[in-house]
Amino acid sequence: MREKRTPRTSSRLEKILAEGHLAVTSECGPPRGSDGAVLEKKGAMLKGYIDVVNVTDNQTSMTRLCSLAASIRLKQAGLEPVLQMVTRDRNRIALQSDILGAASFDINNILCLTGDHQSFGDCKTGQNVHDIDSMQLLQMVRQMRDEGLFIGGDAISRPPEMFIGAAANPFADPFEIRVPRLAKKIAAGAEFIQTQCIYNMEKFEAWMQGVRDRGLHEETYILAGVTPFKTAGMAKYMRSRVPGIDVPDELVKRMSDTPKEKQAEEGITICLETIERLKEIEGVCGFHIMAIEWEEKVPEIVQRAGLYPRPDLEAPGQEPAKVATS
Amino acid sequence: MIVGQQKPLEEIWEMVKDRKRLLVLGCNTCVAICHEGGNKEAGIIASLLRMKAQKEGVSIKITEGGIERQCEEEFFAPAQTDIDEADAVLSTACGIGVQFIAAFWKDKPVFPALNTTFLGGVEQIGVFSERCQACGSCVLGRTGGICPISRCAKRVLNGPCGGSVDGRCEINKEIPCAWQLIVDRLKELGQMDRYEELSPLQDWSKDRAGGPRTLKREDL
């Protein structure tokens, strides 16, 4: 069992991780319209099966309902959101302002990202902001929380109390800086990490070895990202078209060799096998299940992976789920 | 140097078709190097416009001229007569040249023949690429001599982002990832330890964000 740590915020995610449980997070993409009921429906599917839900911020640069409003809606529906914020669309004034807005609703988790380039989305001729980058956003939120100061140096009347996270992609290039880059994010203030979806287990294990060699797994909580394939086409698409995702050919073959009507089930099986292998890796503190437009499968994955029921923080003395130790 | 690219002829034509005496004025420094706006190119654009005018049955007297630099009044004298005789100027300079010509000949409409594209260099014959955004606070000393502000699509100061694949940028495989170049260079210099230094917030007040910039040399 992992050693217990002391939580610094009232984030449910941080408490679960600090207790030594394997955390389960998922994500919810806001709709391309103003119908908040869509979020409530997606939230209801996930509720009880995950600890917190990431709310994506105009992912792939497609304009959507904003992550802040969506986070508030999900919180009002009884889920705990992780507010994703990208530095593509807002300058430092807007970022700080939105963080305070989120904090005013006691949103206790934030994931600091750079964001996909706008050329992938529906506003290809738009300007991008990039006043600061994701590392600097981490530093900024840490300063706002820990020192109670705006980046301009003035005091914040009620500082945000957020558990601060970042993304890590163990599969992007250049590989040799993937561990140093994580170290840099931790130094900038990342208290938890959600990784890119993992398909290439060998490469992920090599990365985790490097992470452990530097003791970084003890300085942050690493949640391993998984995404089930719905079809063989999706596996091929992710292999060839999505930058920074590494899908080994044998997985694509395994999906392609499966009859069409059984591909979804095979995708779930691969995902469950991945989770089982990840559970054995020291330093993996939980799972970030990104079932893209397939949120309804998350409860099944969580149950079949032996991650259900989720810890009840109100009940004292509960035994945390088994985690790998060396 | 400043790199520019000629606008489509149709766009130029729409701007100038109602003039009577048009001077196409070349600028023989930066934009001559990229063969887009030098005095020679001004001559070619003038010829193309004469053909266009003939084809459209429009009567315009189109002449050509050129000076060494349109961004400095000291170089304007040789163009004085040509400009006096014209009722409008089509400048093939960068946007700076266009504005200096317009400010000097206050009664003449001045039109741009180029789109000013970037500050760059000559990578090889016929290939020009961006190297600087004139941000006003140079970071090259920290980044192995490679500029992430002009060469990274997200101007990430602590890169690379997750979209760097095989040394290429996520937006286009033709574009090298600036941070791959930086990492390679730091390795060559034996300075990989510098990779983990966090770049502080950039002071954009010296960039476009701070408003139009001026440099005053009291000694000149």
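**Close-up views of a predicted two-chain model**

**View 1. Buried residues of helix 5 in chain B.** Gly97(B), Val98(B) and Ile101(B) are buried in helix 5 of chain B, which spans residues 95–104. They lie on the same side of helix 5 of chain B, because they cover an arc of only 100° around the axis. The model shown here and in the other views is predicted.

**View 2. What helix 5 of chain B packs against.** The buried residues of this helix pack against strand 2 (21–27) and strand 3 (61–67) of chain B. They also pack against strand 4 (88–91) and strand 5 (110–112) of chain B.

**View 3. Where chain A meets chain B.** Here 33 residues of chain A are in contact with 30 residues of chain B. The two chains bury about 2500 Å² between them. Of that area, 53% is on carbon and sulfur atoms. On the side of chain A, Gln136(A), Asp173(A) and Lys184(A) lose the most area to chain B. Together they account for 23% of what that side buries.

View 4. Chain A and chain B share 2 salt bridges. In one of them, the side chains of Arg214(A) and Glu196(B) meet at 2.7 Å, N to O.

**View 5. The side of chain A that touches chain B.** Helix 5 (134–147) and helix 6 (178–188) of chain A each give two or more residues to this side. Helix 6 of chain A provides the largest share, 7 residues. By class, this side of chain A has 13 nonpolar, 10 polar and 10 charged residues.

How values were computed:
Residues numbered from 1 in each chain as written. Chains lettered and ligands numbered in written order. Predicted model: local features only at pLDDT ≥ 70, side-chain atom pairs only at ≥ 80, totals over all residues. Heavy atoms only, no water. Buried < 20%, exposed > 50% of the residue type's maximum accessible area, 1.4 Å probe, protein only. Helix = DSSP H or I, 4+ residues; strand = E, 2+ residues; numbered from the N terminus. Arc of directions from axis to C-beta. Contact = heavy atoms within 4.5 Å. Buried area = accessible area lost by both parts, 1.4 Å probe. Salt bridge = Lys/Arg side-chain N within 4 Å of Asp/Glu carboxyl O. Nonpolar A, V, L, I, M, F, W, Y, C, P; charged D, E, K, R; others polar.
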